Amino acid sequence: MIGYDPDAIVRHYFSDQEGELFLVSRDDFFVKSVRSVFQKTLGIKEIEVEQHRNLQSGLRSILDRTRNGVAVMVMVERYLEKVSSADFVRALSGAAPSAKIMCLTDEAERGVSAFMHELGAGSILTKPASANDIIAKTAGLVKPLEKLMKLLAEAKRLLNRRCFEEAIALCQKVMAIKPDSAGMLMIKGESLIGLGRFEEGVACLEAAHASAPLYLDPLERLVRAYVGRDDGKRLHWLEVLDNISPRNLRRKYDVGRLHQRLGNQEEGERRFSEAMTLARTESPHIFSQVAVDIAEVVVDQSLPLAESFLIEAMNSREGKFGPDDMMLFNRLGLNLRRQGKWKDAEACYVRALTISPKDEGLHYNLGMVLAEAGDLHGALARFDKALALNPNLGSDSKTVSVNMGHVYLQAGLHERAVVFFEQALALTPNDNAILRALQHARQAA
Amino acid sequence: MRILVIDDELTARTVAEILLTAYGRCDVADGGTAGLALFQKAHAMGEPYELITVDINMADMLGQEVVKRMRRLEEKDGLQPAKIVMVTGRDDLESMSASFWQGCQGYVVKPLTAFNLQEMLDNLYIEPDGRLE
């Protein structure tokens, strides 16, 4: 490109724009090399370079700077102490969109470039890197937007404002000069869909994909276009995306879910298994969440299969549970209850109560397990504890009220049963089953 | 544009409402349950929210659970997804990753200011609708 001067671009960013450089890396030799390139080779004496040796401290520090309006460039290792930086990159690009992120890798991994770009990294640098490599990649990352990119951003804003006709007009203008612009074809396609011209819109999105097969945006928009319209086609485009960028955990999970929904249970399970492997390597911070969500999808297919995912979620916490984990205990307990594994369910709730002893929902659930296992005395004691913690327990849940009513009825506490059936009836006044249970309890009382 | 602010803390809710009024018509909810009810009502009326901000630490429901339920409803009914931004005091990697996993597109660590809000909304191609101009 005529007039393209990487050295000048980098100097402008760090000197005139007062950009700061963060290195999230334990590779001290590389950090030293980068400092040397910027300070000695390029002569940017005033550059602020901050090194962080772990992801969390780096993230906090960077967010603190971007919150104050500082222009920030971040170089982060692909793996830090064997932990993937994928979650870091996603979090940083989502919380500080202006941050320029460069991912540092030691070796080529299949699909890693597309994956890191998807997460928000603007550039990938393979180490060892020469001074020229570092300068060229940095310049590519921080250079001002070219005219076409500015027009594309403007077209996206028009699309977002639902100014479909204007967005199409802008796309046509650009495409008169650059007819195969994938970005413009994509915006035109979405605008046509917005105008209700679905088939034409999809054709444009497909043309955008054909024009730039590795550009993920048009594919994502094709997936979105078929939501609620055609799960088969949605799955097709998800699979195309998955093939280009196979390390995207969320997509792997979505592919599994769609296979499951379309009745391809074996394929669904295979994708979920891949998702769990990916979660373990790329997103250890949310491994248990991923396992819980998969369990939720497969629970209607197989309770033991769902249980196995929940157990994996539980084990991944390595005993470090907090209040946010109570939902995990409740789900596993409920799963075990539905399978009739009373002792396991009881153990699950008892363990949860050691972490959160004032959770009335846990006491209630443990009470239900004990009741179903035939220990009415134990169940009533748990209900008493739950009600002591929350006297309005069940007032917003028909299921809880009905369940407690039946346990009280079974235990011969008819007046208490009446109270809970009345509570349930207040929530669903025309429920015949509750009406019958209430009549029965009243007669017995 | 219709906007929904979900936060169980009055001051945070008020700040968000004031700042977001420049971008559209703003409703507020004081918790996850109330927020989900407004979300469903808006869809039922055919006037869905285009932008939703959600706190994480709420007494009745975690923000990520709110997002998860919204995404599930959108998918079930074939609706175009709203833009969801978490606005929270939590700045740990686990909370942030869990939020993006459930489908938020942006994340603002409190305090919410005109600056960090604008940066976030610029990134989502959302502009002020001119009502304060």
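**Exercise 1. Determine how the lining of the largest cavity divides by residue class, and where that lining comes from.**

Step 1. By class, the lining of the largest cavity holds 6 nonpolar, 2 polar and 2 charged residues. Here Ala, Val, Leu, Ile, Met, Phe, Trp, Tyr, Cys and Pro count as nonpolar, Asp, Glu, Lys and Arg as charged, and the others, Gly among them, as polar. The structure is a predicted model, in which local features need pLDDT of at least 70 and side-chain atom pairs count only at pLDDT 80 or more, while totals for chains, interfaces and linings use all residues; side-chain values use heavy atoms, with hydrogens and water left out. Residues are numbered from 1 along each chain as its sequence is written, and chains are lettered from A and ligands numbered from 1 in the order in which they are written.

Step 2. The residues of this lining are L63(A), T66(A), R67(A), A95(A), A96(A), Y107(B), V108(B), V109(B), N116(B) and E119(B). Two or more of them are given by each of α3 (55–67) of chain A and β5 (106–109) and α5 (114–123) of chain B. Helices (H or I, at least four residues) and strands (E, at least two) are DSSP runs, numbered from the N terminus.

Step 3. The volume of the largest cavity is about 110 Å³, and the count comes to 1 cavity of 30 Å³ or more. On a 1 Å grid over the protein atoms alone, a cavity is a set of points where a 1.4 Å probe fits but cannot get out, and a pocket is an open set with protein on both sides within 12 Å along at least five of seven lines; lining residues have an atom within 4 Å of a point. Grid points are joined across faces, edges and corners, and a volume is the space filled by probe spheres set on the points.

**Exercise 2. State how α14(A) and α15(A) are oriented and which residues meet.**

Step 1. Helices α14 (residues 265–282) and α15 (residues 287–298) of chain A pack at an angle of about 170°, with their axes 9 Å apart.

Step 2. The two helices α14(A) and α15(A) are therefore roughly antiparallel. Angles under 35 degrees count as roughly parallel, over 145 as roughly antiparallel, 65 to 115 as roughly perpendicular and the rest as oblique.

Step 3. F272(A), A275(A), M276(A), A279(A) and R280(A) in α14(A) meet F287(A), V290(A), A291(A), I294(A), V297(A) and V298(A) in α15(A). These residues divide into 10 nonpolar, no polar and 1 charged.

Note on methods: Axes fitted to C-alpha atoms, helices over the stretch in contact; angles between N-to-C directions. Contact = heavy atoms within 4.5 Å.
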